[in-house]
Amino acid sequence: MMIRYASYFIAVLLPLLLFRWFAPASIGEIDFWLLWLLAMVLVALPVVYAEIALAYRSVEGPLAGMQKLTRESDASPIWRSFGWLAALVSIVIAALIISGASTGILTALTELNSTPDVPSFAVAAGLMVITVLLSLLGTAPLPIGLGLMVVGLILGIANGVPNISFAMTDISLVEWARAVALALVSVGAGTGLYWFGQNLVSKQTITAVEANSQQAKSRAARDYRATKLVLPIWILQLLVGVVALFISGMSLPPIGQLLYWAGVLFVVSYLLHYSTQQLTHKFGLLVSLIIIFALALLLVVAIPTTWLVGILVIVSSIAVLLLSVFAGWQMKISHLRKSLNFSNEAFYNLWRVAIRLVVPLALLLALIGWVIQWLS
């Protein structure tokens, strides 16, 4: 049952986890909200459509699916790097969140006058060990994590939400860069998580209908529409994103912080589970677990948090750019049209323009904005 709803849990959880890293210093900047909404429509929505379409076409996870799709399209093997980058993005997100969790937990314990006599990096390493072990549970930790996080946030809301003064500010490429990062990274577009979630559901469905007649399978194929999967995910991202922006500056009481960060560990375990499952296709489960643990531990212990944010922006932008160019320029038109199954040909044409032109251009402008910010 959890497999069917994993993508929806992720759509709710990622904004709550990541908005704090990409929201502006002043969340009352009206122009930033408008840019974020524009990025959600022009960039995030077409990319999620692309993930779902490629998942349906490949009937495999991102790593194995890209191998199948590149062979089918007679495309260069270089496009298969999306599967590897998607797994890496998930690991970097996990490291970034665990790094924040270690700091948050130490802060909460300090307020409770019970700070352990251990350095922050040792706490982060311990949390990573716990998270990797939880990843063996698959999708099961997601509702537990969401429940703990919501309880922690409710305790924070009980203390009062921050007052926000809304105002218009100057629009710049730096602001666009943050808006695009918020619309992509924080909603998981381009990470392969929705591709992976749809693949899990597809496998479950195939197993369920294997005993059915060919007529029943054909009817199920006709009833499939990508929009039925994409729009609920995107609307959840939008609604929860608005809530997350409002509460991103909220301070939690010590108990609320501990509950929130405990929930975060359960959620992050799913990200590592996803990455492990992708590498298992190549290396097997045990070797994949060791690789994931070693890489995540290295990132969380050796890389400063601000650098992790930069690494996440760069790697995720490249991954989304690869996905958009492959789906827009390398895939056969007939394959994508069938995989999306829009009710109107005009919708397909709009999506194709967006994935081929709008998304790559928006990403390149966003990367320029990030470079300007880093240089300044």
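This is a predicted model: local features need pLDDT of at least 70, side-chain atom pairs count only at pLDDT 80 or more; totals for chains, interfaces and linings use all residues.
Helices H4 and H11 are roughly antiparallel to each other, since angles over 145 degrees count as such and their axes cross at roughly 160°.

**Helix H4 and its partners**

Two packed helices are described by the angle between their axes and the distance between the axes. For the pair formed by H4 and H11, the axes come within 9 Å, and H4 passes H11 in a left-handed crossing. Sorted by class, the residues in the contact of H4 with H11 are 23 nonpolar, 7 polar and 2 charged.

Helix H3, which spans residues 62-73, packs against H4 at an angle of about 165°, with the two axes 7 Å apart. An angle over 145 degrees counts as roughly antiparallel, and H3 and H4 are therefore placed in that class. The crossing of H3 past H4 is right-handed, and the residues that make the contact are Pro62, Leu63 and Met66 on the side of H3, together with Phe82, Gly83 and Trp84 on the side of H4. By class, this contact of H3 with H4 holds 5 nonpolar residues and 1 polar residue, with no charged residues.

A further partner is helix H12, residues 285-302, which packs with H4, residues 81-111, at an angle of about 45°, the axes being 9 Å apart. That angle makes H4 oblique to H12, and H4 passes H12 in a right-handed crossing. On H4 the contact is made by Leu88, Ile91, Val92, Ala95, Ile98 and Ser99, while H12 contributes Ile292, Leu295, Ala296, Leu299 and Val300. The contact of H4 with H12 comprises 10 nonpolar residues and 1 polar residue, and no charged residues take part.

The table sets out the geometry of these pairs.

| Helix pair | Angle between axes | Distance between axes |
|---|---|---|
| H3 and H4 | about 165° | 7 Å |
| H4 and H11 | roughly 160° | within 9 Å |
| H4 and H12 | about 45° | 9 Å |

**The second largest pocket**

Helix H1 gives the most to the lining of the second largest pocket, namely 5 residues. By class, the lining of the second largest pocket has 11 nonpolar, 7 polar and 1 charged residues.

**The cavity**

Counting cavities of 30 Å³ or more gives 1 cavity, and the largest cavity has a volume of about 60 Å³. The residues lining the largest cavity are Ala177, Val180, Ala181, Leu184, Val185, Val313, Ser316, Ser317, Ala366 and Trp370. Helices H7 (173-184), H13 (305-330) and H15 (345-375) are the elements that give two or more residues to the lining of the largest cavity, and the largest share, 4 residues, comes from H7. In terms of class, the lining of the largest cavity has 8 nonpolar and 2 polar residues, and no charged residues.

Technical notes. Residues are numbered from 1 along each chain as its sequence is written. Side-chain values use heavy atoms; hydrogens and water are left out. Axes are lines fitted to C-alpha atoms, for helices over the stretch in contact, and angles run from 0 to 180 degrees between N-to-C directions. Angles under 35 degrees count as roughly parallel, over 145 as roughly antiparallel, 65 to 115 as roughly perpendicular and the rest as oblique. A crossing is left-handed if the near helix is turned anticlockwise from the far one by less than a right angle, and right-handed if clockwise. Contact means heavy atoms within 4.5 Å. Ala, Val, Leu, Ile, Met, Phe, Trp, Tyr, Cys and Pro count as nonpolar, Asp, Glu, Lys and Arg as charged, and the others, Gly among them, as polar. On a 1 Å grid over the protein atoms alone, a cavity is a set of points where a 1.4 Å probe fits but cannot get out, and a pocket is an open set with protein on both sides within 12 Å along at least five of seven lines; lining residues have an atom within 4 Å of a point. Grid points are joined across faces, edges and corners, and a volume is the space filled by probe spheres set on the points.
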